[in-house]
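Work through the exercises below with the structure open. Try each task before reading its solution.

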Amino acid sequence: MLELRNVSFRAGDEPDAKEIINHVSLTIDQRFVALTGPNGGGKSTLAKLIAGIYIPTEGQILLDGIDITNASVTERARMGVSFAFQQPVRFKGLTVSDLITLASGRKLSVAEVCSYLSEVGLCAREYVNREINASLSGGELKRIEIAMVMARGTKLTLFDEPEAGIDLWSFGNLITVFEKMHEKINGTIMIISHQERILNIADRIIVIADGQVRQDGTRDEILPSLLGTPATCSVLTGKL
Amino acid sequence: MALDNIQKNMLSEIAGLEAIPEGAFSLRLDGQSALRQSTENIEIVPKTDKPGIDIYIKAGTKGERVDIPVIMTKTGLTDLVYNDFHIGEDADVLIVAGCGIHNAGHDKSEHDGIHAFHLGRGARLKYYEKHVGEGEGTGERVMNPTTVIEMEADSYMEMETAQIKGIDSTKRLTKATLGDNATLIIHEKIMTHGKQFAVTEFEIDLNGEGCGTHAVSRSVAKDDPHQEFISSINGNNRCSGHTECDAIIMDHGSVVAVPKVIANHTDASLIHEAAIGKIAGEQLIKLMTLGLTEQEAEEQIVNGFLR
């Protein structure tokens, strides 16, 4: 269970600096939670605060009752937090197999690496020994990024806009990956997304805007209002 | 002959050999030729006018390997050696050179190897060269290799060099002249630590019609070292040339990259690339989100980069 208690984050030290996250309190124990809302509203910042990439200026973060507010990225990763970046990182010289092996934290056989790749729809044989360099497309990198967090299999997995950088056609195939994940995970998946099909499989939808929680509830409570109101539509339809 | 443990370790480090192999082999130990083995197709002959050997590979020799390791374990020794390789027409061979300096003393140990390759028509060569320095002494470990390559028509050469640790100062010069349809691939890896100094220079003349080269240097400068990469590719015919310097800089290292391409022919297609930068913060963070510490992440990134 993840708990945010009155968490705030300001960029910069000036007293008048803008609150990117403004007193957010959330308790998350559902299996599949979607964060949505307009761009620049603070969703990615919130994910980075949970992963430890940013440290809150105020408030506390607890994972299974343990205060992790000041724990490092590495410590949180070892406690069971995974984070799939919106922009996957390239590494000259490191291969797909290297990264999936590092992610899993143990020695993997080629067959095991391949099975993770197959799960995200990559033809494993072609990718296992590929370098994570500029020769891979954004969509391929995204799938590898997702395979990495799946190999970790931690109790909390954060996805920052898995649809970003992928054409709609490829993303359609990726949705099935998330649907499958939804069925078999034991922990919690928190996913930042604007995609209706992702929101559609969420147990809970949290709308973040201006650094605050604007709406929070089950899919049935939130989704109609997101898709129905013209005001929200103008923000979200661009993404759909 | 029997090798002591230091020598055995060195041989394993630089050439991946656990014992003296069967086949063509020449071992140079502390400035002296210690052992030479020729085979039916590969003849190794000592030079009479200066230190060094001539290696003759018969035309058409396929799939054979030549090892010519150099090991220095004495402090205060400067060794200069000339090795000439004559690769016969249509031969296809592997040559593994390497030099290990174990300096336990306080004086400088230096090895300067001058290697000349002559590739006959249609010959194919893979050439590996690994340089390693070690030893608890304060004496400097210096290597200044010069490689001169002449390639006849349709020949192919792949040169992989690595200097990963322990060499305090190196000046490396590689010169090549390519004939018609010849191809030269160079992959160089250098890692410098401490206050080490490394200069590497490529000078490649693309003279033949349809010849090409791809010369890549990847380096990491950690602590307080200085590295220079200078490459000059001359396109004198219809040819293609690509040179690339890619460096990771850490701590207080400094790296200079000077790629130069000169086209003297309208059908010369030449590209140079040079990139120097520190490890990207997002690369470290990505690996840390996988549970690695910052230091472990850095090691993984550097090892991959120099693989």
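**Exercise 1.** Which residues in H1(A) are buried?

*Solution.* Remember that this model is predicted. Start with the cut-off: a residue is buried if 20 or more other C-beta atoms lie within 10 Å of its own. Next, find helix H1 of chain A, residues 43-51. The buried residues are A:Lys43, A:Ser44, A:Leu46, A:Ala47, A:Lys48, A:Leu49, A:Ile50 and A:Ala51. Finally, step past the end of the helix. A:Gly52 follows H1(A), and its phi is positive, near 95°.

**Exercise 2.** Work out the strand order of the open sheet in chain A.

*Solution.* Trace the 6 strands across: S6-S9-S10-S3-S11-S12. The pairing is mixed. Now check the edges. S6 (81-84) and S12 (212-218) of chain A each pair on one side only. From one strand to the next, the twist averages 15°. Then take one pair. S3 (32-36) and S11 (204-209) of chain A run parallel, over 4 bridges. Within S11(A), A:Ile206 is the bridge partner of A:Leu35. Last, place the helix. H1(A) lies across S3, S6, S9, S10 and S11 of chain A, at about 150° to S9(A).

**Exercise 3.** Describe the side of chain B that touches chain A.

*Solution.* Count first: 16 residues of chain B are in contact with 19 residues of chain A. Then look for helices. H2 (281-288) and H3 (294-305) of chain B each supply at least two residues of that side. H2(B) gives the most, with 6 residues. Now sort the chain B residues by type: 7 are nonpolar, 6 polar and 3 charged.

Definitions and conventions
Residues are numbered from 1 along each chain as its sequence is written. Chains are lettered from A and ligands numbered from 1 in the order in which they are written. This is a predicted model: local features need pLDDT of at least 70, side-chain atom pairs count only at pLDDT 80 or more; totals for chains, interfaces and linings use all residues. Two residues are in contact if their C-beta atoms, placed from the backbone, lie within 7 Å. Ala, Val, Leu, Ile, Met, Phe, Trp, Tyr, Cys and Pro count as nonpolar, Asp, Glu, Lys and Arg as charged, and the others, Gly among them, as polar. A residue is buried if 20 or more other C-beta atoms lie within 10 Å of its own, exposed if 12 or fewer, and partly exposed in between; C-beta atoms are placed from the backbone. Two strands pair if DSSP finds at least two bridges between them. Axes are lines fitted to C-alpha atoms, for helices over the stretch in contact, and angles run from 0 to 180 degrees between N-to-C directions.
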